[in-house]
Amino acid sequence: MVFSAIDHAHMARALRLAELGMYTTQPNPRVGCVLAHGEEIVSEGWHQRAGEPHAEVFALRASGERARGATAYVTLEPCAHFGKTPPCADALIAAGVARVVVASEDPFHKVDGRGMEKLRAVGITVETGLMREAARELNRGFFSRIERRRPWLRVKLAMSLDGRTALANGQSQWITGDAARADVQQWRARSSAILTGSGTVLADDPRLTVRLGQDIAFKPPLRVVFDRTLRTPAGAHALDGSVPTLFVHDEETHPADDRFAHVELVAATQREKRLDLGAVLTTLAERGINELQVEAGPTLCGALFAQNLVDELLLYVAPVILGDQARSLLNLPALMSMDAVRRLRVIDQRHVGSDWRLLLRE
């Protein structure tokens, strides 16, 4: 399929519109739509919140009769089923658009080609694949949940120049500066859930909440705590009920008091006296978790890496040195050969205040 420069420009605009729903659409994907006659943009829209109209509907409402004969540029295949809103494919048909350009197909089983089939069945030209990789990247959590049945898992860590995350006594606040910690809040806001372990809860008592400016809308991510033996003490922030919270424990442990009255408890199977991490990720996917951000210690993060469950590493590097007695970044089995080294690709690197931020994938 050969697309014109005009097609590329309009789809790029649709992708920028989709990004406006970065913090609010989950578990739905982020989607943008542009309606155009040639170079002229008639109207545009984006999916703003789960349960509310989709991107195509907002664009069609703004276009009125000018939608007739227009080309619709949509970053994800229009839906073909009744959910919380009517099918977008039907709305495009009723509006009389002549052509629909789709960045990426929607693998959700109730769509999965049906939207495009509906459009083609009434004579609308449908073309796919324009800027597909960019559309999938924007919604990598959604695609992971639907296609792999597990969330896109991002591990966030902060370290010193010598690869240490905390002093030997466990003190780690703060390795990085204010700008880096503020930057983390944006990554939290785009996540469906934030995961930590009971060791981090005991050491740092984190809130695991999003703290952005008052004028920025976001859907609070679910807090998830791996606490195999339910050892989190009363008074911990994770138990305060301020946001939805899930405690994952083993099947043999049951709460002995009312400490967990304000959170949800889920028993998970074990493997070698540890929680079955893969099974827990499947459970989270079934709950609509797209992107899962892990903010935990070297044991849990190391276990996730060892089981090849990490999709990307968000690493903040501070220009400080903590020394060889400080705590390491990851607890991993010893390597016997350089052939076994895990090699990561740098997807993005930038200064954040006085620190470096690296986004890495295998």
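Colleague: Which residues in α2 are buried?
Modeller: Bear in mind that this is a predicted model. In α2, the buried residues are A55, E56, V57, F58, A59, L60 and S63. That is 7 of the 9 residues in the helix, which spans 55-63, so the rest of the structure largely encloses it.

Colleague: What do those buried residues of α2 pack against?
Modeller: Two kinds of element. They pack against the strands β1 (32-37), β2 (40-46) and β3 (71-76), and against helix α3 (88-95).

Colleague: And what comes just after α2?
Modeller: G64, with a positive phi of about 60°.

Colleague: Switching topic. In the largest nonpolar core, which residues touch the most other members?
Modeller: V155, V224, F226, L292, V294 and L315, out of 36 residues in that core. Helix α10, residues 298-306, gives the most to this core, with 5 residues.

Colleague: Take V155. What does V155 touch?
Modeller: Leaving out residues up to four places away in sequence, V155 touches V294, C301, F305, V310, E312, L313 and L314.

Colleague: What about the second core, how many residues does it have?
Modeller: 24, and it is separate. Its members include V31, C33, A67 and L92.

Colleague: Now β18. Is it enclosed or open?
Modeller: Largely enclosed by the rest of the structure, because 6 of its 7 residues are buried. The strand covers 355-361.

Colleague: Which way do β15 and β18 run, parallel or antiparallel?
Modeller: Antiparallel, with 5 bridges joining them. β15 is residues 312-317. L313 stands opposite L360 in β18.

Colleague: And how many bridges join β17 to β18?
Modeller: 7, and that pair also runs antiparallel. β17 is residues 345-352. There, R345 stands opposite R361.

Colleague: What sits between β17 and β18?
Modeller: 2 residues, as the strands form a hairpin. G353 in the turn has a positive phi of about 65°.

Colleague: Back to R361. Buried or exposed?
Modeller: Buried, because its relative accessibility is 11% and the cut-off for buried is under 20%. R361 lies in β18.

Colleague: An arginine, then. Which side chain makes a polar contact with that of R361?
Modeller: E312, at 3.0 Å.

Colleague: What else does R361 touch?
Modeller: Besides E312, the list has E137, R140, W152, D311, L344, R345 and I347, not counting residues up to four places away in sequence.

How values were computed. Residues are numbered from 1 along each chain as its sequence is written. This is a predicted model: local features need pLDDT of at least 70, side-chain atom pairs count only at pLDDT 80 or more; totals for chains, interfaces and linings use all residues. Side-chain values use heavy atoms; hydrogens and water are left out. Buried means under 20% relative accessible area, exposed over 50%, partly exposed in between (1.4 Å probe, protein chains only). Helices (H or I, at least four residues) and strands (E, at least two) are DSSP runs, numbered from the N terminus. Two strands pair if DSSP finds at least two bridges between them. Contact means heavy atoms within 4.5 Å. A nonpolar core is a set of buried Ala, Val, Leu, Ile, Met, Phe, Trp, Tyr and Cys residues joined through side-chain atoms within 4.5 Å. A polar contact is a pair of N or O atoms within 3.5 Å; within protein, one must be able to donate a hydrogen and the other to accept it, and residues adjacent in sequence count only if both atoms are side-chain atoms.
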